[in-house]
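Dear colleague,

Please find below the structure that I am handing over to you.

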Amino acid sequence: MPTLDELAKGPTSISDWFTSLSEHVAESRRVIEDLSKEDPPTEPFRSKYAGRNMLKSALERTQNFTPSTDKETSRVRLTQATVYYYLGQVSAEVEEPQEAEKYFQSSIEVLNLEPVLKYNIGLRLQAHNLLATVWSGRGNHKKAFELLEKAKELHATYVHSKQSPPHAIDEIFMDEKFTDDERTVMFEKLYTNTLFYLAQVYGALGDNKQAAAHCHITLQRQLESDDFDPLDWSLNCATLSQYYLTLGNYKSARHTLSSASSVISNVENVDEEDASGDSDKIKKTRADIERCWVKYCVNLMKESVTSLLEADVSDKVSAVTEVKNSFDKEEEKEEKLEDKKDEAEDPPKEEKGGEEKAEEQQEGEKEKKEEEEKEEDDDDDDESGENKKKKQMKTFSDLVDLEDIELLRISNIETGQYEELVPDETCSTYEEARQIFKAGTKFATNATDYYTFDEHVTDHVEIKQDISTLYKGLTHFDPDESRQCKMHKRRIDLLTDLVTPLNKQHFLQLCRQIRFELGEARNQMVSLKYSIAAELPPQKHNWKKINNLCIAAIQEFQNFIDLLNDPNGNFPEVLAEDTVKPYIVARVYIARLYGKLRAPDGHQKILHLRKALDEFERAIAYYDNHAHPDVDVTEEISVAREMITFLPIKMEKIRNTL
């Protein structure tokens, strides 16, 4: 059998030429794929470079051989295009994108000299795929998109031509050929790769809807082919749920999360020793899916709170009026407590029992729900059959228009046990909110088993902050103010335990976030304590506790402001854009808290109001002297401007009573 050097010396049969070339290519591939695993860390690409040089030698032989017939020409072109493709692959692996682009493009150009046939369609498709990844990696997502759309067109054209199953890319150099069934599976896998890459490119181009659609289709195709990594699949599926959350589409978000949990649960049942050393990856993937569930619960709770507050919009007053009232009402509440001393001997007014009140409330909610359902039924009667059909959840096989992406479901997975854990609609009652809270905190606890404070500080803190957010959300649905206080106290304990050991220098942003949230939590407790105190018999220690809470809240907000200082401890001339609003809000909060402090006499009350006035003035001074057009603090500054006019008048009234 002639060698490559002998072939270079003169003409030979295409059979001998191809046999020798195939052996050379096979050896180069062995060096690239097998020997490279033994390369030292100091020369990670040594074998790949050697294998690439061998491929370059093989390419030169394909360029020098002169075929004698059209059939031989087609065979040589396919051989040359395949070698170009291999060179593109290894160039991408050694992180030389320009070389990879050159070789993939050359492979496509050679293939374009031939009609689309079963021998070359697989290579055409994958060459477009990988060239697209090169362009995408270099930031040219538009070029990548064009290549992937061409790959989609190639696939569609070939499928519609009803030709026999296409050959695999490596099959040209193989003695044993694949069966038609094997070829079909491999070809469809290449197309699945096309859709997967398109999902990424759409995301990079900002078309999240198309990105989600192609990601969904990719996941379904992988599942149906039964050829996928369950860890990657489940994590990608859980990640898709986060897109649905941005749409407020909780039905699809819950379904994709349930699908991810179902698949990963089967992996976890495998003995760690049989998991090819991937036990840590399994734990991490599971924890990441749990975190996606946490985000689901947090978002659903937040939206539920928003809906609840919007329902009460008729009772709202302007922000300025609310703050003014807060300064006046504290005195009214104090007076109310004093008045209760005189009423202590009077018999309490007859009130309805708790059970009777609850029954009336439930009856009212029931009537309201029946009216809403009736209205929905009336609307449904007006809908056409086509519109009703569009509202139903669809499977992958029903996909026609990407406008229906939010209605898709991943078939062939049992998800019921996971979908029952949490609702897929916003809640309106305490019990419904409590279900979201319990599920979210359980997911969070599971996630912290992997994301521990010692090994994953940032992740651990974020998960704990999500738990705090769930507590905060639940308080809006709990009618018992004492229980609300307890929940805020748990938030405070949780967040304090987090921030205390954090190094301010290394985790400055986290410390700022937590200190601000601690201030908010303590401030909410102050408001609740005032409300509770107004309904209780007079007790001197109540005001002392409330004053202590006010001081603690003021200190937390001040801690946050201090964390904005530069390394020398000086307040910066200009704040970073993302800290401007928190700074202004913190100043307004501190001012209001000074206004809530109970004073033993008028002189002390004036001192508190003077401090409140100073805080409002500091907020206004920064706002007026610094331009931050992208930061919206209109409401806070409006409040501050009104208060710097109102507070001096209030202080003067107090002086006149001294």
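The axes are lines fitted to C-alpha atoms over the stretch in contact, and the angles run from 0 to 180 degrees between N-to-C directions.

The model is predicted: local features need pLDDT of at least 70, side-chain atom pairs count only at pLDDT 80 or more, and totals for chains, interfaces and linings use all residues. Residues are numbered from 1 along each chain as its sequence is written, and side-chain values use heavy atoms, with hydrogens and water left out.

The whole chain

The protein chain has 24 helices and zero strands; helices (H or I, at least four residues) and strands (E, at least two) are DSSP runs, numbered from the N terminus. Of its 658 residues, 45% count as buried, where buried means under 20% relative accessible area, exposed over 50% and partly exposed in between (1.4 Å probe, protein chains only).

Two helix pairs

Helix α20 (residues 508-533) packs against helix α22 (residues 577-596) at an angle of about 30 degrees, and their axes are 11 Å apart. The two helices, α20 and α22, are therefore roughly parallel to each other. Their contact (heavy atoms within 4.5 Å) involves several residues, including Phe516 and Tyr530 of α20 and Val585 and Tyr589 of α22. The residues of this contact divide into eight nonpolar, four polar and four charged. Here Ala, Val, Leu, Ile, Met, Phe, Trp, Tyr, Cys and Pro count as nonpolar, Asp, Glu, Lys and Arg as charged, and the others, Gly among them, as polar.

How are helix α18 (residues 457-475) and helix α19 (residues 481-499) arranged? They pack at an angle of about 170 degrees, with axes 9 Å apart, and α18 and α19 are therefore roughly antiparallel to each other. Among the residues in contact are Val461 and Tyr471 of α18, together with Met487 and Leu494 of α19. By class, the contact of α18 with α19 has eight nonpolar, six polar and four charged residues.

One residue in its surroundings

Val76 lies in helix α4 (residues 70-93). Is Val76 buried or exposed? Val76 counts as buried, because its relative accessibility is 5%. Leaving aside residues up to four places away in sequence, Val76 touches Ile14, Trp17, Thr62, Phe65 and Pro67. Thr62 is 14 residues from Val76 along the chain, and their C-alpha atoms are separated by 6.6 Å.

Yours sincerely

Definitions and conventions: Parallel < 35°, antiparallel > 145°, perpendicular 65-115°, else oblique.
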